[in-house]
Structures are given as structure tokens and as C-alpha cells.
Amino acid sequence: MKQLIFIILYGMFFNHGFSQEKTVKETENDTTKLEEVVIVTRRKLSNKRQEKTLSSIDDYLEKSNKITMIKRGNYAWEPAINNMVSDRLVVTIDGMQIFGACTDKMDPITSYVDVSNLEKVTIGSGQSGTENGHCVGGGIDLKLPASKFNGSGLKTSTDLGYETNGNFFATGLDLEYTGNRFYISADGIFRKSDNYKAGGNKEVMFSQFQKFNMSLQSGYKFSETQHIDTNIIYDKATDVGYPALPMDVSLAEALITSLTHYYRPEETSLKSLETKLYFNTITHIMDDSNRLDVPIRMDMPGWSDTYGFYSKADFLKKNHHLTFNVNGFYNRSLAEMTMFSNNPNEPDMFMLTWPDIRTLYTGVFAKDDWHINDANVLSSTLRLGYHSNRIADEVGVESLQIFHPDIDDQQQRFLLSLSSAFTIQNDKKKMSFGLGYGERTPSVSEGYGFFLFNSFDNFDYIGNPNLKNEKALETNFSYTQTFGNLQLGIESSYFYISDYIIGEIAPNISSMTIGANGVRIYEALDHASIFDIYLNGSYTFSDHLSANTSIGYNYGKGSNGKFLPLIRPFSYFAELNYKKQHFNVALQLEGNGNQSQFSSFYGENETASYAVLNLNMGNAFYGKYGRTILKYGIENILDTNYSTFADWNNIPRQGRNFYINISYLLP
């Protein structure tokens, strides 16, 4: 490990002496398909280019090879990168740290934005995702729209969508005014769904949801080199059912605000300086009031407030593109549980499940893209950070001391992340090889959770403040070559994770939840290994007809000899596309093999293989006063009844679904 860290640091800090006189070239982003790059994926997010103009951000992310979405219902899916869930990721909104308020992961960060709020999504695999924070699996940054001072005046668009399965309805409205010194834009979107039906017309109870999202963005330009932006996002979901869980959500509400100053000097090596101040607050309320058969009624509210800042600088110096980011945040996470007594003579039971945890972080990030020549690039990153947790509620300290007598109310940690990747590229081929080392702290639940019920394995979980930092060594490789109209590619990554945090059975502790199998306390395996490999191909038959395909294999195992949970089995995807002016159609086949390497020790069972066929089409109509975009199609054409490895407690996916989306853009 020491040798690997030395190699990466050497590549980062000592390559400047060998630089040549070349200009750093910016890479154009592909705006028509989700380009898979092991190191980082940047995808221009245009809902007008999607299969549905009103696709959710979950649908959008799920199209990436690197990302799977863990589904506990029909709403708020949890993203996982490289088979690692949110505890091992850093997910930000335009560089802003934001933390969910649900102890059961029913409110991932991605659930508090919508496609109408965003311009693009940046996905970093492993240590390439550490620009905004420390992680092991990777990072997702949901980018807000860039400032506009082009004097284009007033623009507007409206969207309507309907789907037969679940009687789903969605509508959205965008308004924008852009001047030479001032701009303002606003958007709103509303989504509502009843219970959906799985294959065979079987209703999935408690799968309904309702969500409203709106955002306001404004900016003022002081000069050609300086301007400011303000952003406000308000998101509110109500009556959200979770068929895989014993409780639903009556309210998930977020307010996300920021103020950003941009400085872009002319004719200097400093190309941009971006400084942001931000605040966000989340309220999340779980309850089981709509469930008819529960042994005891419960309410489980949670709150999360975050204050933060960052300052990013971009430099171009000869053939080096340098990026620096100094950032910090302060977060308060609090969650409660009240069990209501069935006997009027007995008091209700109250418990802190997150005992008012205060987290302070500050860190610095540096990246160097060294363009050695037109074909070779060496990219290196480094992040150093200080992290502190404090239990603000004395009752919370005393509760955890029952199981961990030697803990203090505060933990301080130092974190290191670094990586280096070498890329060779020409007109016919592209090859990349990377190494990385990263650390992460235990999450609030892993460190301080108190009797958190996990319906996946039917155990109550207790946190462990004494856990060490989780540490990961990684290597990744990708190769793509073009042979005329044929393009073939391979990408693979391997992670060796030391002090791998996972729940271990505590046989001498009684569970709090009625009917639970027992209690697990978060402990650390000596190590775990995670591996993935994907083969990708595409062929262009003509200017109108093309095909692409992908197959993948994933593997994960701990030092205890047990398979890791939620590891994707053999998977495949194939698509045939036909397009001409103002029309496109695509036929898709997607599926997984049988999940034979499942982890019964951690609550998994075998998931059968499946294959699903989808058809989507689109038309564009241009008129004197604007244009109309029509998207329509059929999902799960054969009405297959199936579930995947990522469906919590094997809840079935949607059956056959007819959809239609229409958008009108003016001018």
C-alpha cells in the first residue's frame, strides 16, 4: 500500500518538470447518449433528448453501467456505484453537501431534485469522484444550469405526461428571461402515481406517491469578469408508499439554497474562481398510519440541516489544467422514534435513533490534468480532510455507552484520498489505466444509529462510534477501439477494501422491533473485494440505423467468506435504433442472469433471471411560434413479472406500461 501511495503522489507532484509546450484542450461533452468512462462520466442532461421528456432523475441515472438503483418502492431509489451504496459514495447537488434525514434510506439526495432543475450529471468512479468529498465507491454531482447573459429574452416550455401503469400523471412548466446583465428562470414539476401493477396485472400495494418540485435561479453580471447567482430549490413529496418496507412516508420536504460568486479574469493563467455559500434543510416523516396490520403504531421523524461553502479555482499553465477546491460543511442530523402504546394506562415509548449528531468537515482537493502531448494525458488527484462528529444529546451518549462503554461524545478523524490515471487516445482507440487509494468515515447510522430496523435481513442495527476509517485500494482499466463502423470496448475495476463496515450479529442483545431476527452491531471485516467487468459494442449500419450492446459481470466477497449483498449478477443490454429527421424509434432488450452468488447471511435470496423488451419512439414538430416534442412507447412489452437483485425484499417491477409525453417550447 505504501508503494502505491508513493507512485500516485509522485505522478501528481513531480510530473511538472517534464511538461512540454502544449495547450490544454477541452473535451466536448456528448449530449446524445450516456458515454461510459471509467474515470469520469459527464452527461449533458436534456430531458428533451430522453426516452421520456418527464423521466425522473432515477430513470436517468439507471442507464449508466456504473450505477444501479436500489428500489424500495416506486419513488426515491438509492444510487449505488461499483456495487457500493450511498454510505460509500459522495452525492452532491452542484458541489453542495446535503444529507438525507431518514434512518431507512428512504430519501436519497437524488430524490430532492428533478430533471427540470439540472443541466448535467457528473459521475466519478472510485477516487475520481472525490472533488466534493471523500468516498470509496465514487461520486455523483447533480449540476445546476450555468449562468445565462445572452440577451435572448423570454422563453417558456410546458410538459405533460401520462402512463397507464399506476395511472401516473406529470406536468411541468419552465419560464426564463435572459438579458445582457440579468437573468431569471423558474421551473416547476408535479408528479402523481397510484399503486402500479406488476406483470400479470398484480397490484403492488403501497407503491403510490405524489411529488412537487420547484426552483428559482437568478443572476446579475457586474462586469465581463464577475457575476453572482442565487438558487432556491423546494421539493415536497407526500403520501409516498414503500411496498418493501413496513412504513410509508407522509412528508419528505427539502429547501436547498445557495449564493455563488464567479470570477473569470481575462488573459491570465487563472481561468475561473467560483465561491459558493449554501444552506439546506430536510424534514422526513415516516409513519405506518395507512398500514392495517401492525403490532404497534410508530412515528419516525428525522431532520437534517447543512451549512457549507466551497471555493474552486481552475488554472491553465502550459499543458497543465489545475483544479483546486477548498470546502467545508456543518451538519446536524436528528431522528426520533415514538412507539404508541396500545394500553391507555401505559406510556408511549420514545427513543432517539440518531442522537443529534453534529458533523464538521473541512478539506482541500487538487487535480492536475497533464496533457503530455495530443495523445497522452496523466490525471492525478489528491484530497485531504478533517472530520469531526459530536453527539449533542447526552441521552444519546448514555444510550450508546450501554454497548460501547469507552466512547466519548466526540470523534475526530483525518482522511486521505488520491488517484492517478493515464490515458492514451487517438482517432481509432482510447485506453486508460488508473490507481487509487481512498478513505471514508462511518456514516451517521453506522457510527451512531440506535436500534435501526433493517427489513432486508430483519435485524435491528446499532452503530459503533469506535469504527476505523474504511480504506480502499482500487485499480481500473478501459479500452475502446473503432474498426470502421464497429466500436468495441472493455472496462473493468477492482476494489480491495480494508476495515469493510457491515453489520455483525450480536447474539446477547435483544431486538427492539417486534418480530425481528435479532440485533446486529456495525463492525469491520478485515477486508472485502469487489470486481466488475463490462464489454460494450456498437455498430452503425447507416446514417439512420445503429445498434449497441453491453454485457457485464460483478463479484463481491468479504474476508469472512460470505458474498457481499446487493452485488449485480450477470447483466446484458441491447438496443436497435432508427432515426431520421424529426423521428426516432428504438427497440431495447435488457435483463439479468440468475443471481447464484447471493448472500443469505445478509438477508438476500436467489433472484431468478429475467428479460424485458421495451419500445420507445419520438417525433419533433416545428411551427412558426415554437416546436412540439412527442415521446411515446411501451415498457415491458411482454408484461413480464420479475424482480431484480436491487429490488428490496424482491418487490416486483412494473408490468406492461404505455406512456406518452408531449412538450411545447416557445419560441
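Reply: Strands β10 (182-193) and β13 (209-221) each supply at least two residues of a nonpolar surface patch. Strands (E, at least two residues) and helices (H or I, at least four) are DSSP runs numbered from the N terminus. This is a predicted model, in which local features need pLDDT of at least 70 and side-chain atom pairs count only at pLDDT 80 or more, while totals for chains, interfaces and linings use all residues. Residues are numbered from 1 along each chain as its sequence is written, and side-chain values use heavy atoms, with hydrogens and water left out.

The nonpolar patch covers about 800 Å² and is made by Leu154, Tyr177, Phe182, Ile184, Leu216, Tyr220, Phe222, Ile232 and Leu255. Nonpolar side chains (Val, Leu, Ile, Met, Phe, Trp, Tyr) are joined within 5 Å, like charges within 9 Å. One member, Phe182, lies in strand β10; because its relative accessible area is 35%, Phe182 is partly exposed (buried is under 20%, exposed over 50%, partly exposed in between).

Asp408 sits in the loop between α3 (394-401) and β21 (410-425), and with a relative accessible area of 53% Asp408 is exposed.

Strand β18 (residues 320-340) presents another picture: 15 of its 21 residues are buried, so the strand is largely enclosed by the rest of the structure. Strand β18 pairs (DSSP finds at least two bridges) with strand β17 (residues 297-317) in the antiparallel sense over 19 bridges, and Arg297 stands opposite Phe340 in β18. The hairpin of β17 and β18 has two residues between the strands, and there Lys318 takes a positive phi near 55 degrees. Strand β18 also pairs with β19 (residues 349-371), antiparallel over 19 bridges, with Asn325 opposite Phe365 in β19.

Phe315 belongs to strand β17 and is partly exposed, with a relative accessible area of 24%. The C-alpha atoms of Phe315 and Tyr196 are separated by 51 Å, the two residues being 119 residues apart along the chain.

Conventions:
Patches are made of residues with over 30% relative accessible area and no salt bridge: like charges are joined within 9 Å, nonpolar side chains (Val, Leu, Ile, Met, Phe, Trp, Tyr) within 5 Å. Accessible areas come from the Shrake-Rupley method with a 1.4 Å probe; for residues, only the protein chains shown count as cover. A salt bridge is a side-chain nitrogen of Lys or Arg within 4 Å of a carboxyl oxygen of Asp or Glu. Buried means under 20% relative accessible area, exposed over 50%, partly exposed in between (1.4 Å probe, protein chains only).
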